Amino acid sequence: MTVSTLNALNAACPDRVVGPCHPAYDEVRLLFNGMHDLRPRLICLPRDVAELRAVIRTAREAGLVTAVRGGGHNVAGYASVEDGLVIDLRLMSSVTVDPGERIATVGGGATWSQVDLATTAYGLATTGGTFDTTGVGGLTLGGGLGHLMGRYGLTCDNVLSYQLVTAAGEVVEVDAERDPELDWALRGAGHNFGVVTEFRFRTHPVGLLYGGCVAYPRAELGRAVRLFRELMLDAPDELNCTLFLKRYGPTHVPAAVICVAYSGDDEGYRAALEKRLRGPEILDWQLMPRSYLSLQAALGRLAFGLRHYWSARFADALPDALADALVERFLAGRWLGPFRDGILVEALHGAVRRVPAEATAVPFRGAAFNVTGTAIWADPAADEERIAWARSVSAAAEPYSRWGDGYINYASTGDRARKTFGETAFDRLTSVKRRLDPDNFFRANYNVAPSAVR
């Protein structure tokens with residue numbers, strides 16, 4: 001890196017350019033997934049759009065390989081880059097709410113905990129990440145699954161407009177009227193086209209929910225998976241359930257955990273729901289009326305720096321054969337210290353599936369379930385074994401899937417974009433990429449290259 005480049009970056013972000021000799025370097029570069037222990041040459045922390053534009057232009061002119069960090073949660077490690085430049089957006093994280101219009105304006109570096117705190121102060125919410133440390137930008141641009149999606153759609157379905165800085169350093173305001181093709185692409189493949197500095201979200205009135213988690217013991221694993229399936233196959237929009245096969249409680253016993261979020265006000269349905277959930281033997285019951293803010297924190301928080309490998313597939317169904325295979329794979333997993341292998345199953349229904357498939361770049365509208373093997377561990381010596389286990393979970397779901405590598409926000413690698421998005425959508429994405437970023441400056445992502453070859 002030349003002296004002039006370093007001087008230009010320091011001029012753009014005074015006192016906010018962090019290199020290996022800086023005392024905060026290791027703290028600032030730390031990612032959610034410790035498998036990606038990347039050492040960027042520099043980390044720049046712009047605090048406004050003008051500074052961000054200057055950093056992008058300088059990085060392009062210098063030919064610096066560049067990554068963009070929002071919340072740092074990306075499982076594949078795309079929030080950083082080895083020996084290159086990281087543009088860290090954490091200082092661009094303001095959240096303002098217009099309660100009359102029910103609109104939240106959110107900075108590109110915000111996390112969902114910041115958004116939830118601001119919106120629930122007015123009794124409002126939008127579909128957000130179920131782990132509230134997740135970055136708003138990464139989750140939204142990949143689609144966005146959350147507790148409210150059955151009623152209000154994916155996170156990206158609630159975006160009214162975007163402010164984006166392109167690879168050329170230009171500021172673009174994007175919505176369905178001003179640039180319909182880019183607006184389409186940002187909803188599901190949005191990490192490819194620039195840095196989104198601001199989202200304007202539609203929010204919705206959300207009061208007390210009936211929510212929390214119900215845990216079932218090892219003997220009930222198969223029954224609990226089937227209960228989850230049947231609940232979601234006939235669920236109203238207001239009900240969202242998520243299934244975890246995990247080690248539970250202070251003694252880490254194998255359990256099936258159904259996380260419930262019911263935002264409706266039908267007391268009869270709520271009573272029927274509770275009766276169905278109480279059918280199997282119960283290990284723990286944490287279901288109660290609670291605020292959305294409480295529900296968003298119910299799954300807890302994982303420390304940054306643990307090792308993760310997630311492998312996901314969207315499935316058309318959850319037949320008994322797959323249910324049994326998931327239970328078998330879970331029990332075959334290993335528990336290593338305080339961390340563990342688990343299986344996450346999310347259901348897609350209601351408003352998610354009513355959006356036409358061609359309306360956004362989201363490739364999984366027609367799926368019924370998202371099945372993910374989540375291996376989490378600390379010892380690098382276990383890497384090969386844990387990765388193989390996570391892949392075995394997605395392999396079990398593969399016969400029921402038509403969507404490539406599944407949910408790009410969970411993908412641990414990004415080399416099958418064409419298969420994931422499908423030929424028609426991928427060609428459209430390539431055209432948008434060629435227009436917005438012809439040199440593929442933004443390539444530290446689940447990449448759609450401007451010159452992709454069939």
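This is a predicted model: local features need pLDDT of at least 70, side-chain atom pairs count only at pLDDT 80 or more; totals for chains, interfaces and linings use all residues.
**Entry 1: the F228 and F369 rings.** I searched the whole structure for aromatic pairs and got 14. I looked up F228 and F369: their ring centres are 5.8 Å apart and the planes sit at 55°. Planes under 30 degrees apart would count as stacked and over 60 as edge-to-face, so at 55° this pair is tilted. What parts of the chain does the pair link? F228 is in helix 8 (residues 221-233) and F369 is in strand 20, 141 residues apart, so I noted them as distant parts of the chain.

**Entry 2: another ring pair.** Next I checked F364 and Y407. Their ring centres are 5.7 Å apart with the planes at 80°, which makes the pair edge-to-face. This one also links distant parts of the chain, 43 residues apart. F364 is in the loop between helix 12 (351-354) and strand 20, while Y407 is in the loop between helix 13 (383-397) and helix 14 (417-421). Buried or exposed, I wondered about F364? F364 has a relative accessible area of 2%, so I wrote down buried. Y407 is buried as well, at 1%. Both belong to a cluster linked by ring pairs, together with F32, F304, W310, F314 and Y410.

**Entry 3: strand 20.** I went back to the strand that holds F369. How many of the nine residues of strand 20 (residues 369-377) are buried? Nine of the nine are, so the strand is largely enclosed by the rest of the structure. F369, V371, G373, A375 and W377 point one way, and N370, T372, T374 and I376 point the other way. Strand 20 pairs with strand 17 (residues 307-315) in the antiparallel sense, over nine bridges.

**Entry 4: charges over rings.** I found the charged end of R270 over the ring of Y210, 4.2 Å from its centre. R428 lies over the face of W184, at 3.7 Å from the ring centre.

**Entry 5: the cores.** In soluble globular proteins, nonpolar side chains tend to be buried together. Here the largest nonpolar core has 62 residues, and F364, F421 and L429 have the most contacts inside it. I listed what L429 touches, leaving out residues up to four places away in sequence: W184, A185, A189, F193, A361, F421 and V448. Another core, of 46 residues, lies apart from the largest one and includes A235, L326, A347 and A396.

Key:
Residues are numbered from 1 along each chain as its sequence is written. Side-chain values use heavy atoms; hydrogens and water are left out. Buried means under 20% relative accessible area, exposed over 50%, partly exposed in between (1.4 Å probe, protein chains only). Helices (H or I, at least four residues) and strands (E, at least two) are DSSP runs, numbered from the N terminus. Two strands pair if DSSP finds at least two bridges between them. Rings of Phe, Tyr and Trp (its six-membered ring) pair if their centres lie within 6.5 Å; planes under 30 degrees apart count as stacked, over 60 as edge-to-face and the rest as tilted. A charge sits over a ring if NZ of Lys or CZ of Arg is within 6 Å of the ring centre and within 35 degrees of the ring normal. A nonpolar core is a set of buried Ala, Val, Leu, Ile, Met, Phe, Trp, Tyr and Cys residues joined through side-chain atoms within 4.5 Å. Contact means heavy atoms within 4.5 Å.
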